[in-house]
Amino acid sequence: MSFGRVLTAMITPFDGEGNVHYALAEKLADYLAAHGSDTLVVCGTTGESPTLSWEEEYALFDVVRRAVAGRAKVVAGTGSNATREAVAATRKAAALGLDGTLQVCPYYNKPTQDGLFEHFRAVAQAGDLPVILYNVPGRTGVHLAPETVARLAEVPGIVAIKEASGSLDQVSAIRALTREDFVIYCGDDSLTLPMLAVGATGVVSIASHLVGEPIQQMIQAFEDGHNNQARRIHLHLLPLFRGLFWETNPIPVKLALALQGWDVNHLRLPLVAGSKELSTRLEKLLHQLELLV
């Protein structure tokens with residue numbers, strides 16, 4: 001199973017009443033598939049999954065799947081800190097005909113490395129969808145060690161990892177300990193190019209909502225050995241990569257899209273729309289990068 005090089009961690013549009021805006025999600029998914037996204041990751045952190053019901057998530061999976069059928073793959077964020085819940089949700093997502101599942105490290109209950117191994121193995125052994133592990137200790141409070149990743153890489157059905165620890169040493173260790181066909185995706189846009197150099201294949205991106213095609217060009221340039229060109233693209237996009245984390249994700253990316261004309265600047269509590277100061281800073285940045293008409 002290949003998910004490509006640019007996987008977009010897709011936002012979830014809400015209307016002014018806080019309801020999921022499925023029609024707008026369909027429109028956005030179609031746009032992303034046409035502008036550089038190989039795969040859409042639905043209902044991850046960027047999709048505000050902690051505030052979505054499972055019924056809303058399954059409906060989003062189906063809407064996005066239909067919108068991009070034949071043009072992009074769809075990965076379901078069906079992770080949970082309860083293993084039985086993660087297994088059940090993944091099976092339901094598989095029944096919709098999706099292409100994979102993103103499985104975050106169980107949060108809050110802080111399992112040991114052995115607990116993490118058994119959790120992910122149980123999801124994989126459900127046998128329904130290829131599993132992408134998701135290591136993001138800044139969100140979960142637990143770190144998936146490279147040695148545990150190496151053990152999990154030998155479990156049938158576990159095919160990749162989204163590595164968002166921010167550590168090049170972590171990626172280097174994972175690459176050294178796993179087979180070449182185990183895929184590493186960068187989980188931080190600003191580290192995509194450095195992580196490619198130590199063994200990553202691509203990125204699970206937020207910035208690709210806005211610059212999916214340039215990110216594809218950067219990765220292609222690196223793969224073709226045109227390192228100077230790849231670096232120029234990276235440095236050009238770096239202010240955007242940083243700007244999308246001026247406030248908690250996905251607040252800035254939703255605001256940036258709103259500045260481009262998408263009616264997506266609605267969030268569910270406890271997240272709120274970006275400040276006036278953030279709006280001013282982002283608008284200036286988007287103008288500088290020629291991302292506003």
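**A look around the model**

A: Happy to! K162 counts as buried, because its relative accessibility is 6% and the cut-off for buried is under 20%. Keep in mind that this is a predicted model.

Q: Good to know. Which strand is K162 in?
A: K162 sits in strand β6, which covers residues 158-163.

Q: And what does K162 touch?
A: Leaving out residues up to four places away in sequence, K162 touches L102, I132, L133, Y134, N135, Y185, G187 and V204.

Q: Which residues does the "active site" annotation cover?
A: In the unreviewed UniProt entry, that annotation covers Y134 and K162. They are spread over 29 residues of sequence but cluster in space, with a largest C-alpha distance of 4.7 Å. From this set, Y134 is part of the lining of the largest pocket.

Q: Let's stay with Y134, then. Where is it, and is it buried or exposed?
A: Y134 belongs to strand β5, residues 131-135. Y134 is buried, since its relative accessible area is 7%.

Q: What are the contacts of Y134?
A: Not counting residues up to four places away in sequence, Y134 touches T45, L102, Q103, V104, C105, K162 and A164.

Q: New topic: which residues does UniProt list for "binding site"?
A: The unreviewed entry lists T46 and V204. They span 159 residues in sequence, yet no two of their C-alpha atoms are more than 10.7 Å apart, so they gather at one spot. The lining of the second largest pocket includes T46 and V204.

Q: Where do I find T46, and what does T46 touch?
A: Look in the loop between β2 (39-42) and α2 (54-68) for T46. Setting aside residues up to four places away in sequence, T46 is in contact with A9, M10, I11, T12, I206, N249, P250 and V253. T46 is buried, with a relative accessible area of 5%.

Q: And V204?
A: V204 is in strand β8, residues 202-205. Its relative accessible area is 4%, so V204 is buried. With residues up to four places away in sequence left out, V204 touches L7, A9, V41, K162, Y185, C186 and G187.

Q: P250 came up as a contact of T46. What kind of peptide bond joins N249 and P250?
A: A cis peptide bond joins N249 and P250, with omega at about 10 degrees. P250 lies in the loop between α10 (227-243) and α11 (251-259).

Q: What about the bond between L269 and P270?
A: L269 and P270 are joined by a cis peptide bond too, and omega there is about 20 degrees. You'll find P270 in the loop between α11 and α12 (276-288).

Q: OK, at what angle do α4 and α6 cross?
A: The axes of α4 (residues 113-125) and α6 (residues 146-153) cross at roughly 25 degrees and come within 10 Å. That makes α4 roughly parallel to α6, because angles under 35 degrees count that way. The crossing of α4 past α6 is right-handed.

Q: Which residues make the contact between them?
A: On α4, they are Q113, D114, F117, F120 and R121, and on α6 they are T148, R151 and L152.

Q: One last thing: what is the phi of Y108?
A: Phi of Y108 is near 75 degrees, a positive value in a residue other than glycine. Y108 is in the loop between β4 (100-104) and α4. Y108 counts as exposed, because its relative accessibility is 75%.

Q: And K110?
A: K110 also lies in the loop between β4 and α4. K110 is not a glycine, yet has a positive phi of about 50 degrees. With a relative accessible area of 56%, K110 is exposed.

Methods
Residues numbered from 1 in each chain as written. Predicted model: local features only at pLDDT ≥ 70, side-chain atom pairs only at ≥ 80, totals over all residues. Heavy atoms only, no water. UniProt positions renumbered as here; feature names shortened; annotations may be inferred. 1 Å grid on protein atoms, 1.4 Å probe; cavity = no way out; pocket = protein on both sides within 12 Å on 5 of 7 lines; lining within 4 Å. Helix = DSSP H or I, 4+ residues; strand = E, 2+ residues; numbered from the N terminus. Buried < 20%, exposed > 50% of the residue type's maximum accessible area, 1.4 Å probe, protein only. Contact = heavy atoms within 4.5 Å. Axes fitted to C-alpha atoms, helices over the stretch in contact; angles between N-to-C directions. Parallel < 35°, antiparallel > 145°, perpendicular 65-115°, else oblique. Left-handed = near helix turned anticlockwise from the far one by under 90°.
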